[in-house]
Amino acid sequence: MQIAIDGPASAGKSTVAKRVAQELGFIYCDTGAMYRAATVLAAENQLDYGDEAGILAKLTQQEISFKPGAPGHEQQVFLGQEDVTFAIRTPEITNNVSQVSALAQIRQALVAQQRQIASGHSIVMDGRDIGTTVLPQAQVKVFLVASAAERARRRYAENLTKGIETPLAQLEDEIVARDYKDSHRKVSPLTKAADAIEIDTTALTIDEVVAKIVDLAQKKQ
Ligand code: CDP
Ligand code: CDP
């Protein structure tokens, strides 16, 4: 079984996807981490974030890979041999990832890798184009949304736990700007698949969202 979870920035996709995978005993793949790793690759090699050929060439030399985290820990993300688990979450990367993810050839390479990860497994995969492009045959498709204000509050709280304090208004502006770029790019923009079920999580707890998706999956099984 394949479960596709898409939606705008900070709607809760990775948190919920990880939990759903744990409850159902499925593997989990955070595709956003792959676009973030490609952005780190550009930064580390002093490439322009729009340099499609340059980033693609480096990507063939330094493959992106994952190691599942111990229970309760984040999965580790590697660029070649380098552990970039933390490097992919900096504000510099967050604010530039949409430029890299708009590059057609980078998407093509990462989508091929994502399909390979999914093949032969029961999987929960989260991103922006999973239900529309990566796994269009997924049996369960969910589109998670929440108000921009609530999503900024969640990111604010999450940042605080890491000792970072960014003004709430700035976080909301950045989230809205990234959603705009992700929804307006030419190649597989962020959009709800026709057969996806939309869940507005603004007033829901993580447990409530997880329970809804697990229920959808069990009904399909
Ligand atoms: O967790 P957060 O909402 O901050 O974003 P993410 O899921 O880590 O994704 C980071 C960025 O990667 C997004 O803003 C998109 O530009 C891109 N992305 C994409 O284009 N397609 C995907 N399937 C997943 C992420
Ligand atoms: O992957 P995405 O960017 O969509 O969101 P996330 O990184 O999974 O979640 C952003 C923050 O919202 C995390 O700190 C979650 O704990 C929190 N949160 C949530 O995911 N769902 C709720 N219903 C409430 C809070």
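A polar contact is a pair of N or O atoms within 3.5 Å; within protein, one atom must be able to donate a hydrogen and the other to accept it, and residues adjacent in sequence count only if both atoms are side-chain atoms. The legends below describe a predicted model, in which local features need pLDDT of at least 70 and side-chain atom pairs count only at pLDDT 80 or more, while totals for chains, interfaces and linings use all residues. Residues are numbered from 1 along each chain as its sequence is written, chains are lettered from A and ligands numbered from 1 in the order in which they are written, and side-chain values use heavy atoms, with hydrogens and water left out.

**Figure 1. Overall view of the protein chain.** The secondary structure of the chain comprises ten helices and eight strands (DSSP runs numbered from the N terminus: helices are H or I of at least four residues, strands are E of at least two). The radius of gyration is 16 Å, close to the 17 Å that the globule rule gives for 221 residues, so the chain is as compact as a globular protein of that length; the radius is taken over C-alpha atoms, and the rule is 2.2 Å times the number of residues to the power 0.38. Along the principal axes, the C-alpha atoms fill a box of roughly 50 × 40 × 35 Å. Of the 221 residues, 45% count as buried (buried means under 20% relative accessible area, exposed over 50% and partly exposed in between, with a 1.4 Å probe and protein chains only).

**Figure 2. Polar contacts and surroundings of ligand 1.** Ligand 1 is surrounded by 20 residues, of which the closest are Arg 36, Ser 101, Arg 107, Arg 178 and Asp 182 (a residue is near a molecule or strand if one of its heavy atoms lies within 4 Å of it). Oxygen atoms of the ligand lie 3.5 Å from a polar side-chain atom of Ser 98, 3.2 Å from one of Arg 155 and 2.7 Å from one of Asp 182. On its own, ligand 1 has 530 Å² of accessible area, and the protein covers 99% of it (Shrake-Rupley method with a 1.4 Å probe; for residues, only the protein chains shown count as cover). The elements giving two or more residues to this shell are α2 (31-44), α5 (97-101) and α9 (168-184). The largest share, four residues, comes from α2.

**Figure 3. Residue classes around ligand 1.** The shell divides into four nonpolar, six polar and ten charged residues. In this classification, Ala, Val, Leu, Ile, Met, Phe, Trp, Tyr, Cys and Pro count as nonpolar, Asp, Glu, Lys and Arg as charged, and the others, Gly among them, as polar.

**Figure 4. Surroundings of ligand 2.** Of the 13 residues around ligand 2, Ser 10, Lys 13, Ser 14, Thr 15 and Leu 204 come nearest. A backbone N or O atom of Ser 10 lies 2.9 Å from an oxygen atom of the ligand. The side chain of Thr 15 places an N or O atom 2.5 Å from a ligand oxygen atom, and a polar side-chain atom of Glu 158 lies 2.9 Å from an oxygen atom of ligand 2. The protein buries 82% of the 540 Å² that ligand 2 exposes when taken alone. Two or more residues of the shell come from each of α1 (13-24) and α8 (148-161). By class, the shell holds four nonpolar, five polar and four charged residues.

**Figure 5. Two serine residues with positive phi.** Most residues other than glycine have a negative phi. Ser 10, in the loop between β1 (2-6) and α1, has a positive phi of about 60 degrees although it is not a glycine. Ser 10 counts as buried, at 10% relative accessibility. Ser 188, in the loop between α9 and β8 (197-200), has a positive phi of about 30 degrees. Ser 188 is also buried, with a relative accessible area of 16%.

**Figure 6. Strand β1 and its partners.** Five of the five residues of β1 are buried, so this strand is largely enclosed by the rest of the structure. Gln 2, Ala 4 and Asp 6 are buried on one side, and Ile 3 and Ile 5 on the other. Strand β1 runs parallel to β6 (residues 123-127), joined by five bridges, and parallel to β7 (residues 140-145), joined by four (two strands pair if DSSP finds at least two bridges between them). Ala 4 has Met 125 as its bridge partner in β6 and stands opposite Lys 141 in β7.

**Figure 7. The open sheet β3-β4-β5.** Three strands form an open sheet in the order β3-β4-β5, with antiparallel pairing. The edge strands, β3 (64-67) and β5 (82-83), each pair on one side only. Two bridges join β4 (residues 76-79) to β5, and Phe 78 has Asp 83 as its bridge partner in β5.
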